[in-house]
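Please look through the following protein chain with an eye to its aromatic rings and its charged side chains. The report below takes these two topics in turn and then turns to confidence.

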Amino acid sequence: MTVSGGFTQTIDWLAFTLPKAEVDEVIKTIGGDWFQSETGFRGYPVARLMTQGKTGVGKLGTGAPRSPKEVHVDLSAGIVSQWDETKLKTILAWIFAQKGHVTRVDVALDDREATVAVETVRQAVEAGQVVSRSKQFKVIQASNHREGVRTGETLYFGSRESQSMLRVYDKRLELQAKGREDAASYGVRWEMELKQDRGQACAKALLTLDSEDWRAFLVGVLRSYVDFRETTREAESYEKYRAPLLAWWAGLTEGFRRCRLVVERIQQRLDDVAAWLAQSVSSMLAVVVACRGDQFLTELIYAGTKKWKQKHYALLKERRRGTPYVLTIS
């Protein structure tokens with residue numbers, strides 16, 4: 001979904017553990033094409049992987065000696081951000097019906113028009129105007145050393161080891177550096193990473209609350225973690241919490257209350273698909289061809305043309321020649 005401006009929300013990561021489940025049922029529920037991994041995952045000796053587009057990665061682990069039927073799943077933004085609200089809630093309801101536990105949820109709140117710049121947030125922190133449960137704060141700057149161009153900076157509140165962490169960065173600059181055509185429709189992203197009990201609570205709220213209450217809940221979670229007020233670093237704690245909100249922060253959080261859950265529609269490019277194929281599949285494909293010969297590869301390609309869907313035909317439009325694709329088998 002392409003959004004021109006305003007405030008939007010996406011789910012950017014989902015991880016969960018099921019105490020007892022059949023792998024085939026888990027894969028059927030999530031969807032996608034999964035394949036066996038040669039290595040384990042998060043201490044689970046048996047693992048399966050799934051890729052979707054250029055950035056979507058799914059990992060499934062099971063077979064741990066302590067609990068052989070336990071299944072853990074990690075799904076990245078490239079997968080869950082493309083689920084609509086109905087599918088997201090269906091998956092969450094299924095997880096809880098299986099007595100599962102959501103171990104991580106990332107929620108991205110996008111200020112699409114960049115009404116508050118990342119620099120404004122950093123300056124407020126440096127001025128002691130942030131009130132936060134976390135003491136840790138760091139800034140990571142990124143640049144293109146070949147072109148001598150800064151590609152943005154990311155503000156981190158909290159640590160990866162805690163149950164909550166917040167990232168603030170210019171999503172527009174990040175996507176421009178990656179050559180994304182839709183970069184202009186993005187602005188500044190406030191991304192909350194909620195794990196363990198906080199991730200579980202966030203998932204249950206999403207499942208049980210209506211859209212308006214869910215948005216208010218998220219803003220409450222954000223403001224309980226960081227608040228920006230007209231105060232100083234030297235002020236007493238009670239003075240900081242009683243100080244009025246900074247005007248830009250009051251306006252931003254009010255905007256987030258009006259945000260809507262959106263589905264990311266990432267249009268693949270032929271170059272992206274070719275790069276993914278070369279990086280992820282070429283080695284194993286070479287092994288199969290070495291064992292079964294070139295004819296197997298030709299038959300595989302022919303069978304693939306029978307499974308084309310709209311997204312595949314969209315990629316075909318990038319071909320320089322307007323001739324139809326025809327594959328014959330001798």
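## Aromatic pairs

Tryptophan 214 and phenylalanine 217 both belong to helix α7 (residues 211-225), where they sit 3 residues apart, about one turn of the helix; helices here are DSSP runs of H or I with at least four residues, strands are runs of E with at least two, and both are numbered from the N terminus. This is a predicted model, in which local features need a pLDDT of at least 70 and side-chain atom pairs count only at pLDDT 80 or more, while totals for chains, interfaces and linings use all residues. Residues are numbered from 1 along each chain as its sequence is written, and side-chain values use heavy atoms, with hydrogens and water left out.

Tryptophan 214 is buried, at a relative accessible area of 4%, whereas phenylalanine 217 is partly exposed at 28% (buried means under 20% relative accessible area, exposed over 50%, and partly exposed in between, with a 1.4 Å probe and protein chains only). Phenylalanine 228 and tryptophan 249 have ring centres 4.9 Å apart and planes at 70 degrees, so this pair is edge-to-face (rings of Phe, Tyr and Trp, the last by its six-membered ring, pair if their centres lie within 6.5 Å; planes under 30 degrees apart count as stacked, over 60 as edge-to-face, and the rest as tilted). The pair links distant parts of the chain, since phenylalanine 228 is in strand β12 (residues 226-228) and tryptophan 249 in helix α9 (residues 247-257), 21 residues apart. Both phenylalanine 228 and tryptophan 249 are buried.

## Salt bridges around arginine 104

Arginine 104 forms a salt bridge with glutamate 193, their closest N and O atoms being 3.3 Å apart (a salt bridge is a side-chain nitrogen of Lys or Arg within 4 Å of a carboxyl oxygen of Asp or Glu). Because arginine 104 lies in strand β6 (residues 101-111) and glutamate 193 in strand β11 (residues 188-195), the pair ties together parts that are 89 residues apart in sequence. Salt bridges with shared partners join these residues into one network whose members include Asp12, Asp110 and Arg160.

The side chain of arginine 104 also meets that of aspartate 106 in a salt bridge (2.7 Å, N to O). Arginine 104 counts as buried at 13% relative accessibility, and aspartate 106 is buried at 2%.

## Confidence

The protein chain averages a pLDDT of 85, and 84% of the residues score at least 70; pLDDT is the predictor's confidence in each residue, from 0 to 100. Where pLDDT is low, the predicted coordinates should not be read in detail.
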